[in-house]
Amino acid sequence: MRRPFSFQTKLFITFSLLVTMIIAIAFSVFYWYYQKVNVETIIRTYRGEAASITQQLDNSLYTMDRLVMQIKYNPTIANTFFYMPYQENAESYFENNLEAAYKMRELITSIVGLDPQIFNRVSILSRSGAFFGTGAYYDKAQASKQARESPWFNQLSSKSEYRLLLPPHRDDWDRESNREVISVIRKLGEDLTPNTLVEIQLPAEYLDKISSSGQTGSKQVMMISRTGEWIFPRNPILTERFEPHRQAFLQNFAASPSLPSRNEFAWIDMPDGSRDLLIYQHAPYSDWTVMIAEPEQELLAPTRQAGYIFSITAFLIILLTLLTLYFSTKHLLKPLRQLRDTMNQVHLDAIPDMRESKLFRGVELQNTHNELHHLYQSFRKMLERLEESKEQSIEARSRELRSHFTALQAQINPHFLYNTLSLIGALGYETGNSSINQLSTMLVGMFRYITYAGGQPVTLREEIRHTLNYLNIMKIRYEDHLDFVIDVDERLLEQSLPKITLQPFVENCFKHGFANTNYPWKITITGYERDQRQFIEIRDDGCGFSESYLVDFAEQAAEVAAGTFTVYSPTSRAQKDSGAGTINTYARLYYHFGGRVCLELLNGEDQGAIVRIGWWKGTQLHAAQ
């Protein structure tokens, strides 16, 4: 059989597991937060790079378009090409009119300030075959031939197409160089069917230039059109590698009526099971989308290195903590082990003086910090408390038996009273006195209502039935001197109330309200609903409430609401006069309805007192539950 662990071992294992778990969770949460912050920082950085590339791209294309617009609205250029179709040999007009060609070149140069490092060429072409270009070399014969057949004229025939933006393509006017350019084209004039077009070219290498800042390591910058065509890069190997990114863009945004104006990001699942972070920013002017992608493995490489450092640090902290715990528990439990060894030699009932003196030899019992002494003293005090608790338990059990016996006696007495009242009623019936029979029946009903069901709540219907028995008994006593009316809305009858709520207020009418009032007397009990609240009013035509009584009740009601109220047990005349029954009833109502109740004591306009109890409709039992 395996030997059980010692207390020191259990304590060490428990605290070791607890400390290890806390440190592991703390470092895991810290590493998760560090990684989250690091990824968010990278995303913000890439978003800034995408926005910068997008801005550079749109600024360049916008500048090209503005220059084209200046050329378009130059009157000399517009007039020259307006009359071009009426010229003979229009395709060689500028070769035959060198002065016109020189003037045209000067006008375009003054507008564009052509720099071959920025713009490649400015071209003006006509359906008549006339072609004029400035900037990079172009094949004049090929340009004149293709000018007549250029599809750009048809593309700009619609009023909705006021500008053409051509992605990187081979220069149409210099096929031998195989150079790729980006073109912005507008029609010259406002005719629906254009005869002349203006083109300005930007070298496609410009995309490499503005993208170079975003392409470091495994990070790649890409550009695609709204329809998903590759703009950049033009390398087929790269476009195949990033095909999942293009498909993700097409699925999420290309089909939507409007692309997001702000930059977004997504995680792309690659065919090899890895993931890539994709940042995309829409360029509103070009209607292209700039994307920056980087593999997650490369993205999180610095974070993983930090994670290794965190793991080693956490391991060293746990190891150091475990060593500290081991030696601390061993030292702290040394007095307990000493006490255990000593207590095995000492009888619990009585400790001989000589053994005790030997045990605490050299220890000042009134002034010591020795843990062994304090443990011993605590043990002796514990035995004394146990003895004391045993005596208290015996005494409590004795009181419980006496209370049970008294309860049994109290259970017998009401039955004897009910049987006696029933016998009196039967004798009255036999002698022909129905009043005695009615009186006995009502008294039996009242006593049963008071004594049965303990402190359980009752319905308003039961409470009114009990109050009606009381009023009928008083009616027999006072005959025509007393009149009463009970008018309660049927919707209120199933509302729960504490038992004996209404009858004490009716009884107060006779004890206080009618004490100094001549006959006849009248009591009215009404129940009604108003503004989502339900009310019960008890009204008499007696002397009403005194001002001091109303002030005392207001102070006691405030104590109930503040939770400082103590239930009164009116045994003295002073307590009875202070309205103990009224405030106790209000306290029971307050706790029953959870504070959602009001009790108003008012004086009538002519005379008499009004007691109004109100609660919110639908309020159910609170404190009793």
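Author: Helices (H or I, at least four residues) and strands (E, at least two) are DSSP runs, numbered from the N terminus. The model is predicted: local features need pLDDT of at least 70, side-chain atom pairs count only at pLDDT 80 or more, and totals for chains, interfaces and linings use all residues. Residues are numbered from 1 along each chain as its sequence is written, and side-chain values use heavy atoms, with hydrogens and water left out.

Reader: How many Å does helix α20 reach from its first C-alpha to its last?

Author: The expected span of a helix is 1.5 Å times one less than its number of residues. Helix α20 (residues 580-592) has 13 residues and reaches 18 Å, close to the 18 Å expected.

Reader: Why is α20 described as largely enclosed?

Author: Buried means under 20% relative accessible area, exposed over 50%, and partly exposed in between (1.4 Å probe, protein chains only). In α20, 10 of the 13 residues are buried, so the helix is largely enclosed by the rest of the structure. Among them are Ile583, Tyr586 and Leu589.

Reader: Which strands do bridges join to β4?

Author: Two strands pair if DSSP finds at least two bridges between them. Strand β3 (residues 164-170) is joined to β4 by 5 bridges, and the two run antiparallel. Leucine 164 has isoleucine 185 in β4 as its bridge partner. Strand β5 (residues 196-203) also runs antiparallel to β4, with 7 bridges; there, lysine 187 stands opposite leucine 197.
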